[in-house]
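Dear colleague,

Below is the structure I promised to hand over, followed by my notes on what was found in it. Please read the notes with the model open beside them.

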Amino acid sequence: THTHAHTAGGGGQKGGYIRTGHYIPGPEGQALHAWLYVPSTVLGSTTGVERAPLLFMAPGMGVQKNSGPQAVAANFAQNGYAALLFDYRGFGKSMGLPRHLVWPENHIADWMHVLKHVQHTIHTHTPSPRVLRAV
């Protein structure tokens, strides 16, 4: 797990966020790499009043999370949403061979597997009671 912090600037700038890296077990045992973006406004809240809906994101077929979708996830986090963005098996830091093979059936299986993981695990680490889907 690694952490990346982005702080907000002054003068009406968007909010800051924390991005942490995670490995999620894939459907066939390959570790799938994900970034979890959490708005800094929900970190350390003890009242439970401040909550962030969790957006579940995956790049398009054959695209890695660091080739554009990360800016969208960061924008969501800067605007009060938590976002989980992952790479399919064989892409980016996700494990799996062959590398960079676009295989729709596997991508869908990865997507569904990570969604189940998010619904049962990740969302309990963010102050969000629900998962919204975004692709």
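Arg89 is buried, with a relative accessible area of 8%, where buried means under 20% relative accessible area, exposed over 50% and partly exposed in between (1.4 Å probe, protein chains only). Please keep in mind that this is a predicted model, in which local features need pLDDT of at least 70 and side-chain atom pairs count only at pLDDT 80 or more, while totals for chains, interfaces and linings use all residues. Residues are numbered from 1 along each chain as its sequence is written, and side-chain values use heavy atoms, with hydrogens and water left out.

Salt bridges

The count comes to 3 salt bridges, a salt bridge being a side-chain nitrogen of Lys or Arg within 4 Å of a carboxyl oxygen of Asp or Glu. In one of them the side chains of Glu28 and Arg89 meet at 3.4 Å, N to O. Glu28 lies in the loop between strand E2 (17-25) and E3, and Arg89 in the loop between E5 and H2, so this pair ties together parts that are 61 residues apart in sequence; helices (H or I, at least four residues) and strands (E, at least two) are DSSP runs, numbered from the N terminus. Glu28 is exposed, with a relative accessible area of 59%.

Arg89 also forms a salt bridge with Asp110, the closest N and O atoms being 2.7 Å apart. Because Asp110 lies in helix H2 and Arg89 in the loop between E5 and H2, this pair ties together parts that are 21 residues apart in sequence. Asp110 is buried, with a relative accessible area of 0%, and salt bridges that share partners join Glu28, Arg89 and Asp110 into one network.

In another salt bridge, the side chains of Lys65 and Asp87 meet at 2.9 Å, N to O. Lys65 lies in the loop between E4 and helix H1 (69-78) and Asp87 in the loop between E5 and H2, so the pair ties together parts that are 22 residues apart in sequence. Both Lys65 and Asp87 are buried.

Rings and charges

The charged end of Lys65 sits over the ring of Trp35, 4.4 Å from its centre, and Arg19 lies over the face of Trp35 at 3.9 Å from the ring centre. The rule for such a charge is that NZ of Lys or CZ of Arg is within 6 Å of the ring centre and within 35 degrees of the ring normal.

A search of the whole structure finds 6 aromatic pairs; rings of Phe, Tyr and Trp (its six-membered ring) pair if their centres lie within 6.5 Å, and planes under 30 degrees apart count as stacked, over 60 as edge-to-face and the rest as tilted. The rings of Trp35 and Tyr37 have their centres 6.5 Å apart and their planes at 85 degrees, so the pair is edge-to-face. Trp35 is buried, with a relative accessible area of 9%, as is Tyr37, with 1%. Phe76 and Tyr81 form an edge-to-face pair as well, with 6.0 Å centre to centre and 70 degrees between the planes; Phe76 counts as partly exposed at 26% relative accessibility, and Tyr81 is partly exposed with a relative accessible area of 32%. Ring pairs also link Phe56, Phe86, Tyr88 and Trp111 into a cluster.

Cores and overall layout

A nonpolar core is taken here as a set of buried Ala, Val, Leu, Ile, Met, Phe, Trp, Tyr and Cys residues joined through side-chain atoms within 4.5 Å. Of the 19 residues in the largest nonpolar core, Phe56, Leu84, Phe86, Trp111 and Val114 touch the most other members. Strand E3 (31-39), strand E4 (54-57), strand E5 (82-86) and helix H2 (104-120) each supply at least two residues of this core. A second, separate core of 10 residues includes Tyr17, Tyr37, Ala73 and Leu85.

Not counting residues up to four places away in sequence, Phe86 touches residues that include His33, Phe56, Lys65, Asp110 and Trp111, contact meaning heavy atoms within 4.5 Å.

The chain has 2 helices and 6 strands, and from the N terminus on its elements run β-β-β-β-α-β-α-β. Of the 135 residues of the chain, 41% count as buried. Among contacts between residues at least 6 apart in sequence, 59% join residues at least 24 apart.

With best regards
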